[in-house]
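Let's take a walk through this structure together, one region at a time. Keep the 3D view open as you read.

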Amino acid sequence: MIDRLFNWMDDRLAISRGGRHLLNKIFPDHWSFMLGEIALYSFIVLLLTGIFLTLYFVPSEATTIYHGSYRPLDGAHVSEAFASTVNLSFAVRGGLLVRQMHHWAANIFVGSIVVHMLRVFFTGAFRRPREVNWIIGANLLILAIFNGFLGYSLPDDLVSGTGIRIAFSILESVPFVGSYLAFFLFGGLYPGNGAIIPRFFIIHVLILPLIILGLLGAHLGLLVRHKHTQFKQPGAREDNVVGTPLWPSFMTKTLGFFFLTTGVTALLGALVQINPIWQYGQYYPWKVSYAVQPDWYMGWLDGALRIMPSWEIHLPGHMIPNAFFPGVLLPGVTFTVIMLWPFLEAKLTGEHVREHHLLDRPRDRPVRTATGAAVFAFYFVLFGASATDVLANYLSITLNTVLWTFRIAAIVVPIIVWPIAYRICKELQRTPNAGKRKVHNIVVRDANGGYRTIPAEEYPGYVGAELEPLDVEKIEVLTAAGKVTEPGVYEIPRDYR
Amino acid sequence: MSDEHGSGVPVNLSPGGRPLGQRDPHASPVQRVQVDLSAPQFQVAAKNPKRTERTTLVFFLLALAGFAGFGAAYTQNASNFLLGLSMALGLLMFGFGVASWGMFLMPRGPFEEPRALMQTTPEEKRLFLGDFESRGKVAIERRGFLAKAMGAAAAVLGIVTAFPLIRSLGPLPKKSLYRTKWRKGSYVTDINNRRVKVDDIDVGSMVTVFPQDDVGGAISQTVLLHPQTTDIVTMTGRETWAPQGFIAFSKVCTHAGCPVGLYEQATEQLLCPCHQSLFDIYSGAEPVFGPAPRPLPQLPLYIDSRGYIRAQTGYDEPVGPGFWERGGTT
């Protein structure tokens, strides 16, 4: 039956023509290649949990009186969006779990994109011919951050509502077109006429996910076209890929990894509360709560808004507001530099003349590694700065001290990090076998009381490297006559049954 | 490993007349091959496959227990904790099971496949460009006027569709960013629609107030403070703005628009909790700390004969954060 189904499909879709190469696609084995998989799988979790949430969420700012199972809010005047979020958390079975999984998956999604990006950066995987895929990846990060922000803005709670107000102010700060941008997105002067939540909803659940899906398809399509990069290891060359074939090993491993990613998300959804909007309450424009922090991936922007000196540029009849510098210029410059980096580096090193499929160890590229570390340190300081109020409270020091510490750190820390990272790279280069798995030595005492050391056996799980890589498509067919090596298309003798 | 098609199958005639169960004569034959798997790369990675098999089995059984537990928890309408924990157990154990199968009980490798460079050969480029340019581009350029006419029509389509897509999204800002609903004589009204009288506000307290026709308004929101009982003069020209110690400022932060919601009585300062800008009340809400670039606009107040606090006039400058068209006042 399956034979006939396969045959029917194959005769119409030519599955066996291209399919064999797909089965034999090689995935190099290195833990750092799983970071992008985490991003992909958390995106799938986002899609699945998100579909569930859309069935219960009401994207409306219309006022309603809450009469649900959460008693402390009974009789409160809230928006439909807020009420339906509380309802889907408490009245829908498994609703809270799915909602918390969705929120956690969003945090994991952006986080894994960032870490994946760092891996690609520090190993030089963005170099020719992969510059386009690097740019696509950077855009995926931007969209993931945007969509995360839109998503946590939907429940219309006090914390996220404040974030929306800040977003309006940042849009408004764009020179020339800012107020028009803000008015068009919000449907008028803040807080709009009930358009924000419905619009954010449709952007969050339809428009951005479609764009992300499209770019993701391009990202993975290019990955298949270029084939994977690989670390320098025995048998790995610029003109081959060494690793595990898709079928069956990689497919099984990665399927397992998908379930592990989902499982961790479920564990977080079960155990770690996230965004308890019923504690924040409904958003009202004149209300605000103390110690408001956005989700982590907005932290660097929030931190930049906080430590920005109180400057504005005044021009005759016009102005460039303060929020423009941390809110528009900083992310604009950040992502422009990220996208241009492959070209900048190629220009500086003159290496754009050839393709690179073998990865760098970060230590072998001390300038790139040190630059990346310093830049990352800068954003990490900004991220920390989004907690100025919490830190001042927690450490019982004045806000003034905390603020100035971060203002100075944002400049000083990257300057300190650069030479340290550079030094570490240089030291590692001189250390033979640094980072490699050490073979244990066994100290043996002989009959005469002398001691000598013998290397222990290789770690049992560490296999693969000692074998020569085998060409997957060089199939060896067993025939009645014996063993025949047949690359490519082969004919099977009629008597073989 | 044998192909069973076409031999020994009982023949039933289908309505079409072709014997049922017999192979379609136009279908290509399915042939099976026995691939030689004796190379060491095809050996499983596990040192002790039997033990790994047992471990993997335990993972799958635990996964089954987890999923069944989720079903039970769901029917019992159990807590989020139990629902999530059972689901997480099932998913994690399932994942461990599948992954350990793939990692340890499948060919250890390594395998390789060749990789062609992306860079094309001059011959490939020549052929592609030959087709593209001589067959296509020249054919288009030969009738350049058609291309221009088509381009013009498409451009008009683009422009006219951009209007419903962008222009209809919202009204133009016009003067709305410059104005609030505060007018000459507006009653200072609290969120419960009560007009505020001098006796309502104790010394040292803060109330969020609105003009009576815009209660709850995001732009009109104003803080009414009562730090002392004599007139407060924040700067020259504002001698009468804060009668009997009642003083009002826009509640919209000049930095990023958050409500400046915290009043520090001890220092007589207003704090914005979003980005920690501090405004000094006595100097006219001048920012003394943080990123806020401009003072909060002050609302001129007066007290009418019945003791109601009212606005002498609206704000004399746009409230809230800056925008491009806003003039260069500091």
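Predicted model: local features only at pLDDT ≥ 70, side-chain atom pairs only at ≥ 80, totals over all residues.

**Helix pairs, sheets and domains**

In chain A, helix 12 and helix 13 cross in a right-handed sense. The residues that bring them together are W300(A), L301(A), A304(A) and L305(A) on the helix 12 side, and P326(A), L330(A), P331(A), T334(A) and F335(A) on the helix 13 side.

How are the two helices set against each other? Helix 12 covers residues 299-307 of chain A and helix 13 covers residues 324-349 of chain A; their axes are 9 Å apart, and the packing angle is about 130°. Because of that angle, helix 12 of chain A counts as oblique to helix 13 of chain A.

While you are in chain A, have a look at L222(A), which sits in helix 9, residues 196-226. Which residues does L222(A) touch, once its neighbours within four places in sequence are set aside? The contacts are V132(A), N133(A), I136(A) and K227(A). V241(A) is 19 residues away from L222(A) in sequence, and the C-alpha atoms of the two are 15 Å apart in space.

Now move over to chain B. Its domain assignment lists domain 1 as 40-104, domain 2 as 122-169 and domain 3 as 188-311. Between domain 2 of chain B and domain 3 of chain B, the C-alpha centres are separated by 60 Å.

Another helix pair is found in chain B: helix 1 spans residues 49-75 and helix 2 spans residues 80-104, with axes that come within 7 Å and cross at roughly 155°. This crossing angle is why helix 1 of chain B is described as roughly antiparallel to helix 2 of chain B. The crossing of these two helices of chain B is left-handed. Their contact is made up of 18 nonpolar residues, eight polar residues and no charged ones.

Next come the sheets of chain B. As a reminder, strands of a sheet pair through backbone hydrogen bonds, in either a parallel or an antiparallel way. One open sheet of chain B has five strands in the order 5-6-7-8-13, with antiparallel pairing. Strand 5 and strand 13 (298-299) of chain B are at the edges with a single partner strand each, so one side of each has no neighbour in the sheet.

You can follow this sheet strand by strand. Strand 5 (residues 188-190) of chain B runs antiparallel to strand 6 (residues 206-211) of chain B, and three bridges join them. Here V188(B) faces P211(B) of strand 6. Strand 6 of chain B also pairs with strand 7 (residues 222-225) of chain B, again in the antiparallel sense, over four bridges. Across that pairing, V207(B) stands opposite L224(B), and T208(B) stands opposite V223(B).

Another open sheet of chain B has four strands in the order 9-10-11-12, also with antiparallel pairing. Its edge strands are strand 9 (262-264) and strand 12 (286-289) of chain B, each of which pairs on one side only. From one strand to the next, the twist averages 35°. Strand 9 of chain B and strand 10 (residues 269-271) of chain B are antiparallel and joined by three bridges. To find this pairing in your viewer, look for Y263(B), whose bridge partner in strand 10 of chain B is L270(B).

Notes: Residues numbered from 1 in each chain as written. Chains lettered and ligands numbered in written order. Heavy atoms only, no water. Axes fitted to C-alpha atoms, helices over the stretch in contact; angles between N-to-C directions. Parallel < 35°, antiparallel > 145°, perpendicular 65-115°, else oblique. Left-handed = near helix turned anticlockwise from the far one by under 90°. Contact = heavy atoms within 4.5 Å. Pairing = 2+ DSSP bridges. Domains from an automatic or database assignment. Nonpolar A, V, L, I, M, F, W, Y, C, P; charged D, E, K, R; others polar.
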